[in-house]
Amino acid sequence: MSKDSPSRSRLAAFRAELKKRKLTGFLVPRQDEFQGEYVAAYAERLRWLTGFSGSWGLAIVTLKKAAIFVDGRYTIQLREQVDTKLFTPQHLAEEPPAQWIAKTLRKGDRLGFDPWLVTAEQARRFREACESAGAAFVPVEPNPIDAIWRDQPARPSAKLAVQPTQFAGRSAAEKIKDIRKGLGGHDAVVLTQPDAVAWLFNLRGFDVPFTPVVPAYAVLPAKGRAEIFVAPEKITEEVKLHLRSVAVTRAPREIGASLRALGKAKASVLIDPAWAPQRIGDTLARAGARVVAAPDPIALPKARKNAVEREGARNAQRRDGVAMSRFLCWLEAEAPKGGLTELAVSEKLKSFREATGALRDLSFETIPASGPHAASPHYHATPASNRKLATGEMFLIDSGGQYVDGTTDITRTVIVGEPTSEMKDRFTRVLKGMIGLSTIRFPKGTCGSQLDVLARQHLWNAGFDFDHGTGHGVGSYLSVHEGPARINKSDRTPLEPGMILSNEPGYYRQGAYGIRIENLLMVHEAKPVEGGDRPMLGFETLTLCPIDRRLIDVPLLAEAERRWLNTYHARVLKEVGASLAGEELAWLEAACAAL
C-alpha cells in the first residue's frame with residue numbers, strides 16, 4: 001500500500017474525531033444494525049476505513065494502535081486488501097478482541113462503540129475486558145465514522161413486497177398466533193433479525209444484495225397488533241393492505257418511544273442478546289421493563305419448512321439444476337479452448353439462471369476459483385485476480401440463486417483436461433464423505449456436530465481434513481446462511497424435519513487446487529425399519545446436478561456408494577433432462593451414465 005492510500009488519511013481523520021469526543025479508541029465492526037452478513041453501502045464502515053471487504057471483521061482503533069480481527073476464511077484476503085502498517089492483522093481465534101482490549105487498554109481509557117452495531121452479548125464481553133484494564137466501555141451516538149465519511153451513501157429505499165401465501169405456506173396471522181403461544185407468559189418480544197421479520201409477516205425486501213430480507217425491527221406483543229419499524233417510503237399500498245390486520249408500521253426513529261412504553265408498563269420483554277443491539281436492551285432496562293434473554297422465537301419455526309416451502313424448495317432446486325446442467329455442458333466444451341476467465345464464467349452461469357425466467361437474484365456472490373485459487377474456500381474473484389481456466393487444472397464454482405419459491409446453493413468441482421491420480425483420490429474421498437452424510441439415518445434429537453465426522457472420515461483416514469463447517473442452514477427465499485442448525489464440529493441444535501442444510505465437504509491443497517462438492521439436504525422422517533424401536537430421521541437430497549465422473553477413482557468407492565451415485569445421477573437425468581434437448585440433453589446423458 002502506498003503512503004497516500006485512502007486508509008492513511010481516513011485513519012488520521014478518525015483519530016482526530018475520537019480526540020474531539022474524548023475517546024481513547026473505538027470499535028468498528030463490519031456488521032450493520034441488523035448484524036447482517038450482507039450490508040447496504042452506507043453501512044460498509046469497516047471497508048471504508050480499512051479497505052477490507054470480507055463478510056465478517058472488526059477493527060479496534062486507539063489513538064496509537066489499530067488492529068483488525070478476522071477468522072480463518074479471510075487471513076489471506078486481509079493482507080491483500082489492508083495496509084498492515086496501519087492495521088495489525090489479528091486472528092479471531094488466536095487472540096480474540098476482548099483479550100486484545102484487556103491487554104492494550106490502560107486505566108482511565110475510554111473505548112467507544114456504536115450501541116446499534118454491537119449486540120448485548122458482545123457488549124457484555126467487551127465491557128468486562130475494559131473493566132479488567134480499568135477502562136470504560138462507552139456507548140457513542142452518532143457513529144464517529146459517519147461524522148467524517150463525507151460521501152457516505154444514502155440508506156436504500158427499495159419497496160417491500162408481499163410473499164404470497166402460495167409460496168409462504170401460512171399466513172402472517174397464523175404464524176403470529178403460533179409464536180405467541182411460545183412467549184411463555186411474557187408480554188412481548190423484540191425481533192431484531194431482518195429474516196425473522198420477513199418470515200413472520202410474509203414480506204421480502206431488496207435493500208441488500210443476495211438476501212431479500214426486511215431491514216426492520218419489530219415488537220410483537222402477547223396481545224394486539226405488532227409494530228414494525230421501517231422507513232415509510234418502503235411501504236406500498238399492497239404491503240399496507242397486507243399488514244392491516246396484524247401490524248402497524250412506524251418510522252425507525254419511533255422504536256425508542258415504543259421500548260420506553262413497554263418499560264413504563266413494567267412489561268416482561270424477550271430479546272435475543274446474541275443478535276439484539278445493546279441499545280435496545282439498555283433502553284428497555286432503563287425505562288423499567290424486565291428484560292429476559294432468550295433465543296429468537298422465530299429461528300426454529302422459520303428453519304422448519306412447512307409443506308408448501310418444502311415443495312417450493314424442490315421446484316427451485318429442479319429449476320436451478322437445469323441452469324447448472326446447461327452451464328456445465330457449455331463449460332466442458334469451452335474451457336479446453338483456453339480463453340475463459342473466472343469472472344467470465346461467473347457471468348455465464350448467471351445468464352443461465354436468468355434464462356429460467358424466475359431468478360430474483362443470486363443468493364451470494366459466486367465463487368469461481370481456478371487452479372490454486374480454489375485452495376482458498378472463500379476466494380473472491382476480482383479484475384485483479386481474474387485467472388484463466390487452464391488445462392490440467394480443476395475449477396471450483398460455488399453459487400446459488402434466489403427464487404420466489406426457494407433459495408439454492410451448490411458447489412461443483414470439475415476438471416479441465418485430464419486429472420492426476422492425486423486429484424482423483426482427493427476428489428473421491430470428498431465424494432465419499434458427501435455420500436456418507438447424505439445417506440445416514442439418525443434418531444430424533446441428533447445434532448449436526450454428531451454427524452459432522454461422516455463428511456470427514458475418509459479424509460481423516462488418509463491424514464487430511466478441511467477447516468470449515470460441513471453444512472449451514474438455508475432459508476426459503478431468504479438468507480442462504482440460516483440458523484440455528486448447522487453441521488460442524490460443535491453445533492448443538494437438534495435437527496428437525498423440514499430443516500434445509502448444505503452438505504459440502506472439501507479438500508484444499510495450498511498453491512495447487514481445491515475441491516468441494518455441495519448438495520442441499522432436507523431433514524425428513526425416515527421410513528421405519530422392521531424391528532426398530534426408535535423414530536428415525538434422514539435426509540432428502542434436494543440438489544439436482546451431475547458430479548464430475550472424470551474425477552472419481554471408482555475402485556475407492558464402496559458398492560453402496562457407487563449404487564447411491566448411480567441412483568442419484570439417474571434421478572438427475574430424469575428430473576433435469578425433461579427440460580433439456582439436443583446437445584445439452586446428450587451431454588447430461590453422458591454425465592449421468594452409470595459407473
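Predicted model: local features only at pLDDT ≥ 70, side-chain atom pairs only at ≥ 80, totals over all residues.
Residues are numbered from 1 along each chain as its sequence is written, and side-chain values use heavy atoms, with hydrogens and water left out. Local features need pLDDT of at least 70 and side-chain atom pairs count only at pLDDT 80 or more, whereas totals for chains, interfaces and linings use all residues.

Aromatic pairs were considered first. Rings of Phe, Tyr and Trp (its six-membered ring) pair if their centres lie within 6.5 Å; planes under 30 degrees apart count as stacked, over 60 as edge-to-face and the rest as tilted. The count comes to 14 aromatic pairs. The ring centres of Tyr 38 and Phe 210 are 5.1 Å apart and their planes stand at 70 degrees, so this pair is edge-to-face. The two residues are 172 residues apart and link distant parts of the chain. Tyr 38 is in the loop between strand E1 (25-29) and helix H2 (45-50). Phe 210 is in the loop between strand E9 (203-204) and strand E10 (217-221). Helices (H or I, at least four residues) and strands (E, at least two) are DSSP runs, numbered from the N terminus. Tyr 38 is buried at 18% relative accessibility, and Phe 210 is buried at 15%. Buried means under 20% relative accessible area, exposed over 50%, and partly exposed in between (1.4 Å probe, protein chains only).

Phe 464 and Tyr 507 also form an edge-to-face pair, with ring centres 5.1 Å apart and planes at 65 degrees. Phe 464 lies in the loop between helix H17 (448-460) and strand E22 (471-473), and Tyr 507 lies in strand E25 (residues 506-509), 43 residues apart. Tyr 507 is buried, with a relative accessible area of 7%. Phe 34, Trp 116 and Tyr 217 form one aromatic cluster.

Charges also sit over rings. The criterion is NZ of Lys or CZ of Arg within 6 Å of the ring centre and within 35 degrees of the ring normal. Lys 175 places its charged end over the ring of Trp 199, 4.3 Å from the centre. Arg 456 lies over the face of Phe 466, at 3.9 Å from the ring centre.

The model has zero disulfides, a disulfide being a pair of cysteine sulfur atoms within 2.5 Å. Cys 592 is in no disulfide; its nearest cysteine sulfur, that of Cys 545, is 8.4 Å away. Cys 592 is buried at 7% relative accessible area. Cys 447 is buried at 4%.

An open sheet of six strands has the order E12-E11-E10-E8-E13-E14, with mixed pairing. Two strands pair if DSSP finds at least two bridges between them. Strand E12 (247-250) and strand E14 (290-293) stand at the edges, each with a single partner strand, so one side of each lacks a neighbour in the sheet. The twist averages 20 degrees from one strand to the next. Axes are lines fitted to C-alpha atoms, for helices over the stretch in contact, and angles run from 0 to 180 degrees between N-to-C directions. Four bridges join strand E8 (residues 188-191) to E10 in the antiparallel sense. Leu 191 stands opposite Ala 218 in E10. Helix H9 (residues 194-201) lies across E8, E10, strand E11 (226-229) and E12, at about 50 degrees to E10.

An open sheet of three strands has the order E15-E18-E19, with antiparallel pairing. Helix H15 (residues 342-354) packs on this sheet, touching E15 and E18 (contact means heavy atoms within 4.5 Å).
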